[in-house]
Amino acid sequence: MVQSHAASVDVAVLQEELARLASLDDGSASALGAAFYTSAEFLELETEHLLRREWMCVGHVGELRNDGDHFATELLGEQLLLVRHEGRVQALSNVCRHRGNRIVDGSGSARRFTCGYHHWSYDAAGQLVNAPLMAGRSGFDASTCALPRFRTELWNGWIFVNLDGEAAPLAERLGGLQDIVANYHPDERFLVFLEDTEWACNWKCLFENFMEGYHLSAIHPTTLHPITPTRLSKKMVSGDAWTGYHAFYDPAYPPRGPFHADLTDEERNNSPMYGVFPNLVVGMATNFTLFMCLRPIGVDRVGIRWGVTGLHDDRVPTMSPTMSSCVGRSTPRTGRSSRYSRLHWRPVTTRVARWPPTTTKEPSGTSFSIWPATSAERRPHCAIRPSTSSWSEP
Ligand code: FES
Ligand SMILES: [Fe+2]
C-alpha cells in the first residue's frame with residue numbers, strides 16, 4: 001500500500017488540467033502544478049493506471065549472475081523475489097502460500113527458499129518442495145502451492161517487471177533509444193555498485209530532474225558545469241516510451257575514455273541521459289553508467305535502487321565529483337575503493353538520505369531544492385523547456 005500524508009484534491013480537476021497541459025505545443029509548455037506532486041489521490045491514480053500497468057525497472061542482471069542468485073524487493077506494495085533459475089531471470093511473489101509471511105529478505109544465492117514461519121520450502125522455480133507434517137493431509141496438494149510469477153523483461157541488463165501482466169513488450173518500444181545507446185554497449189557493462197535508499201521527494205521530481213540539462217551550469221557550477229555545461233546540452237530525439245538529452249562534454253575537459261571501439265567521435269563527446277518511462281533514469285557516460293530505479297513510497301518519498309555499471313568487472317569506473325554531489329556521499333574521482341571495486345555484487349545496504357542532501361551545496365554556496373512549490377501562486381506558469389533542441393546558458 002502506497003502511503004501518503006498529502007492534502008486531498010479533486011483528481012478530476014487534475015485530470016482535466018493534465019489533458020490541457022498535454023495538448024500544449026513546446027512553445028507554450030508549462031510545468032505541472034504543485035498538486036500533481038502532493039496529491040495522494042493522484043498518486044493512487046498513477047499507481048493504478050500507470051505504474052502497475054507498465055514495465056517497472058527493479059534492478060540489474062549483475063545482481064543475478066548465476067542460478068540461485070536472488071534479491072528481495074518491494075514494488076508498489078508487492079513483495080517480489082527476483083531469482084535466476086536455469087539461466088532465466090524470474091520475478092516470484094515473495095509471499096508464502098501458507099499464511100502470507102515474507103519468505104526472503106535481502107539477497108544471496110540459494111537453491112531453496114524456506115519460509116521462517118513454519119518452514120515451508122520453495123525451489124528457485126517457485127514450486128513448493130517441502131511442507132513439514134503436511135504430507136498425506138487431505139485437501140493439501142503441494143502442486144497448487146507454487147509462488148505466483150510476474151512477467152519480466154530484460155533490456156540492456158536492466159530487469160523490468162510488469163505487475164498487471166498486460167503491458168506490451170518493452171524492447172520493441174525502445175527501438176529508437178536502442179539506436180542511440182547501441183555503440184555505448186550498455187549490455188556489456190558490469191554492475192560494480194548497487195544500493196537501496198530512499199529520498200524525500202516526489203518520484204516525478206527525480207525523473208524530471210534527470211531528464212533536463214537546463215540546470216547543470218546553474219546548480220552544479222563546480223562539478224557538472226566544467227564537464228557538461230548547460231549550453232552544450234541537446235534534447236534527445238524522444239519516443240513514447242522514453243525521453244532524455246545528450247550532455248555534451250566541454251572540449252576543455254580531458255577525454256573520458258577508455259572508449260568502446262564502436263563509439264563515433266560525437267558519441268565519445270556526450271553522455272546520453274535518458275529515462276525509460278515510468279521509473280528508470282540513466283546517465284550513460286562513455287566509461288560508466290549511473291542508473292536509478294524509482295518507486296514511489298508516498299507523494300513525498302521515493303525508494304531508489306541506484307547503481308553503477310562499468311566497462312570492466314574489476315575496475316573502478318572513473319567517477320567525477322558530480323556523482324558524489326548528486327547522491328550526497330563521498331565517492332572517489334579515480335582509483336580503487338572498497339565500495340566500487342567489488343568483483344561480485346553483495347547484499348545492498350539500506351541508507352536513508354534526505355533530498356536535497358546537504359552535500360549538494362557547491363563551494364560557491366549555491367544550494368537547491370526540487371521540491372514542488374506548495375503554493376499555486378508561486379508557479380502560475382513555469383516554462384521548463386526553453387527550446388526543443390538545445391538550451392542556452394542561463
Ligand atoms: S507462513 Fe510460511 S510456512 Fe507458514
Ligand atoms: Fe543535477
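## N162 and its contacts

Setting aside neighbours within four places in sequence, N162 is in contact with E54, W55, F150, R151 and A167. Contact means that C-beta atoms, placed from the backbone, lie within 7 Å. This is a predicted model, in which local features need pLDDT of at least 70, side-chain atom pairs count only at pLDDT 80 or more, and totals for chains, interfaces and linings use all residues. Residues are numbered from 1 along each chain as its sequence is written, while chains are lettered from A and ligands numbered from 1 in the order in which they are written.

Is N162 buried or exposed? N162 counts as buried because it has 20 C-beta neighbours inside 10 Å. The cut-offs are 20 or more other C-beta atoms within 10 Å for buried, 12 or fewer for exposed, and partly exposed in between. R53 is 109 residues away from N162 along the chain, yet their C-alpha atoms are separated by 6.4 Å.

## The open sheet

N162 is found in strand β10 (residues 158-162). Strands here are DSSP runs (E, at least two residues), numbered from the N terminus. Strand β9 (residues 149-155) runs antiparallel to β10, and 5 bridges join them. Two strands pair if DSSP finds at least two bridges between them. T152 stands opposite V161 in β10.

Both strands belong to an open sheet of 7 strands, in the order β1-β10-β9-β4-β3-β2-β5, with antiparallel pairing. β1 (55-60) and β5 (107-109) stand at the edges with a single partner strand each, so one side of each has no neighbour in the sheet. From one strand to the next, the twist averages 30°. Angles run from 0 to 180 degrees between the N-to-C directions of axes, which are lines fitted to C-alpha atoms.

## Strand β13 and its partners

Strand β13 (residues 242-248) is mostly covered, with 6 of its 7 residues buried. A hairpin of 6 residues joins β12 to β13. Strand β12 (residues 233-235) pairs with β13 in the antiparallel sense over 3 bridges. Here K234 stands opposite H246.

β13 also pairs with strand β14 (residues 270-276), antiparallel over 7 bridges. A247 has S271 in β14 as its bridge partner.

## The nonpolar core

Which residues touch the most other members of the largest nonpolar core? They are C57, V58, L82 and V161, in a core of 69 residues. A nonpolar core is a set of buried Ala, Val, Leu, Ile, Met, Phe, Trp, Tyr and Cys residues joined through C-beta atoms within 7 Å. Strand β16 (residues 288-298) gives the most to this core, with 7 residues.

Key:
Helices (H or I, at least four residues) and strands (E, at least two) are DSSP runs, numbered from the N terminus. Two residues are in contact if their C-beta atoms, placed from the backbone, lie within 7 Å.
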